[in-house]
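Here are a few notes to read alongside the structure.

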Amino acid sequence: MRRALIGTLSLALLTATCTGDRQPEGDSTAVTPGYGGTVVVAYLAEASSMNTFVSIDEFSQELQSYALFTTLLKYDEELNPIPYLAQRWDTAAAGDGLVLTFYLQDDVTWHDGTPTTAYDVKFTFDRIKDPGTAYPRAARFAAYDSAVVRDSFTVALFLKRHSGFLESWISVPPMPAHILGNVPAADLRLHPFGTANPVGNGPFRFVEHRPGEHWVFEANPGFPESLGGRPFLDRLVYRVITEPTTSLASLLNGEIDVYISVEPSQVTQIEESSDTRLITYPTRSYTFINWNSRRPLFRDAVVRRALTLAIDRQRILESVKNGLGTLALGSVPPFHWAFHQTLQPLPYDPDSAQALLAAAGWIDSDGDGIREREGVRASFELRTNPNTTREDILTLVQGDLAEVGVEVRPRVQEAQSLAMDITSAERRFDAFVLGWVTEFRLDDRSLFACSQIDGPYQWASYCNPRVDEILAQVTSLDDRSVTLPLWREYQEIIQQDQPYTFLYYDVRANGTRERVLNVRMDMRGSLTNVKDWYIESNETGIAPGGKE
Amino acid sequence: MTSYVARRLLQAVPLLFGVLTLVFIFMHVAPGDPTALYMRPDVDPAVLEQMRRNWGLDQPLYIQYFRWIASFLTGDFGFSLTQNRPVSDILLERVPNTLILSGTSLLLIFAIGIAIGIVQAVRQYSTMDNVLTVGALFIYSMPSFWLGLMLILIFAYKVHQLDWWPEFLKFPASGVTSTNYDLFGAGQKLGDRIRHLVLPSIALGVSSAASVARYMRSSMLEVIRQDYIRTARAKGVPERSVILKHALKNALLPIITLLGLYLPFLFSGAVLVEYVFSWPGMGRTIVDAIYQRDYPTVMATSFIFAALVVVANLIADILYALVDPRIRYE
């Protein structure tokens, strides 16, 4: 059935190209998946590299995982690991550790024709473990020890059991050993494989990369049927468009099909246009205010809680994000299995905030509108990096805290010099607004563990022995039913102690042309099911107006 | 003349070295380094240390400096630390894009500016002169990035929704070529490139054209009052020939100096316009590289910019000698 459709469609494509306008294809109004067409996806940042040893940015990762390569495992919609390149796996105890064996698909080939085998997996693993590679996510494999090839399609890994040990393999596609095998670890980063001629084994193969402009991929006709077969689209183009207004115009005039991460102010225009629709999904990124608890003002958890109560987070969300977000209560994203479903974020309650501040000894005794205690004024510098959303947050927080007698001095600082100040062991700051992107496999130890107090990311200088215990357990145990109560307790403690004032989780909005169908975007990413996307079958892959 | 050019080029050498040394110092004094891209809680700080070692950033500053100078003198610009490829590849790709954009704008600036200036001078104080003066001032006051956004809004979006609007006046909003460029024939390719060039070069050039028009008008007015113009008219030379032959050549002299001044101005303007139109040129490259502390890329792009400015000034001086026989370089 599918094959029959290709004929019809390519014919339609041919006619359309010749006459240069849209031809209705018979009277068929029913929409059936058909092959063909180009989809252009645009985002404001470049996908830096298709070399998984190097890249860490979001869309390098997505293009690698969902288009160019196949990962051993992927997530289902509930974030459970499911087979992909590995058709199954098993585990066995070995000494005090674990042997994890992956049984690979035997019909996946690299786009140059070489089969993908267990040797590729071992090669990738060995390079990840080699410190010379400087693999950014090496920490994910810290509890992994070694890999052994059992046969061409079976590979065994030795590791210590820890939470989400399978999840280490999601978003790490094996790299081709026959191409990169002889490259010294330290030279992998600069190898042209990453930017000029990557060879993948996924549903799409590489066509062209013009850095800063676009990546072009085309359907891989040899992608195994057992993994879903050839993608419907002929071509997938990833374009870099830096200016949001330009992206919007390009989406509305049909130059691009998917505009990733629409500005909150552009949402209405996309919803109102009959050619486009908006797809939203929750992300793993949250925005927060970090309090430096080495400062007298922020030392007391009661004060930090009072500050949170005094800040109208709902209004911040409405005004800076047009409501595209969810109020946050901790670092666990709302869609995550570990999320505390019954806990509510602290309310906006300036009266309680005033009472708490007074109870903690912060009183305005000289009548200048600012509270003091023991000669210290409740006045601090709140910083952020240049980013309009965050700059607006500074202003709103300044207004809210002035109401409760706390003075905020906003300061916008260049990103890298701000990073220097906050990661320095002396913690040269009072408070700042920034955002984090969490991993699916949560690990907050570098943010809140006592042992990390001088580490680069323990910005709150927060230390609570119970939190340490919980974080140690939830990262070492692998049974979700055991760790869930611990995760819940953790979120309750963090709510109580407020090392951060958690503001909101981002909801991402992507503008999509109506002609692109079967698009699923969720917390796993914007391109999660890109190989199942197809163009409305009476369309032709030529954008209206014949601009392509 | 040749010795003059040689002397000027020789003089440029210490200048360029000074620029490079200053850029090197400023870049390394600025807080942070290229590993900042990888600063996340799930990235082990030891990995960042390893990256610094792999990139030689753990060496003392003066060693890094001499290493860079040494490899630069052998024509090796090194590797971009954020784009993971040779800097020379980046330059080969981006320099032509910026030159095409600035070159087109420059043509536009002088063609439009000179034409309007002449018309205004010849019809001084007429309604046309006043309208053009106000118009030129209006355009001159528009920032290029804002003008760019307005052009996109109108010519890359609004007119696409009008059925009666001619197809060839609907422009793309961004990029150098269309997505299916590699599938086009030769003629179609050229057309596609030109269509992509129209809006950005207007955005970049039009305000300078307005100022060239102002200069041209006053320069032309000054020349028309000269005795030899009156003589030419008295001899019965047709007005058209008086203006375009006798007056124009002399009125152009001060304009040519502007050429040398406008090129650096265009390069800096290109930074904003390239951003708005997603034009993959040098401007965007250098700004991104500075934010990400991609030292080798910043060094190489600043060198190219500095060299282009030196060359542009030299060209302006040479042109000056060519059009004005009174000026001789020994």
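Which residues touch the most other members of the largest nonpolar core?

1. They are Val41(A), Ala42(A), Leu63(A), Ala67(A) and Leu199(B), in a core of 119 residues. A nonpolar core here is a set of buried Ala, Val, Leu, Ile, Met, Phe, Trp, Tyr and Cys residues joined through C-beta atoms within 7 Å; buried asks for 20 or more other C-beta atoms within 10 Å of a residue's own, with C-beta atoms placed from the backbone. Helix α7 of chain B (residues 186-224) gives the most, 12 residues; helices are DSSP runs of H or I with at least four residues, numbered from the N terminus.

2. Please keep in mind that this is a predicted model, where local features need pLDDT of at least 70 and side-chain atom pairs 80 or more, while totals for chains, interfaces and linings use all residues. Residues count from 1 along each chain as its sequence is written, and chains are lettered from A and ligands numbered from 1 in the order written.

3. Look next at Ala42(A): beyond neighbours within four places in sequence, its contacts (C-beta atoms within 7 Å) include Arg239(A), Ile241(A) and Tyr259(A).

4. Where the chains meet, 51 residues of chain A and 42 of chain B take part. On the chain B side, α2(B) has the largest share, with five residues.

5. As for chain A overall, 47% of its 548 residues count as buried. Its C-alpha trace spans about 85 × 60 × 40 Å along the principal axes.

How values were computed: A residue is buried if 20 or more other C-beta atoms lie within 10 Å of its own, exposed if 12 or fewer, and partly exposed in between; C-beta atoms are placed from the backbone. Helices (H or I, at least four residues) and strands (E, at least two) are DSSP runs, numbered from the N terminus. Two residues are in contact if their C-beta atoms, placed from the backbone, lie within 7 Å.
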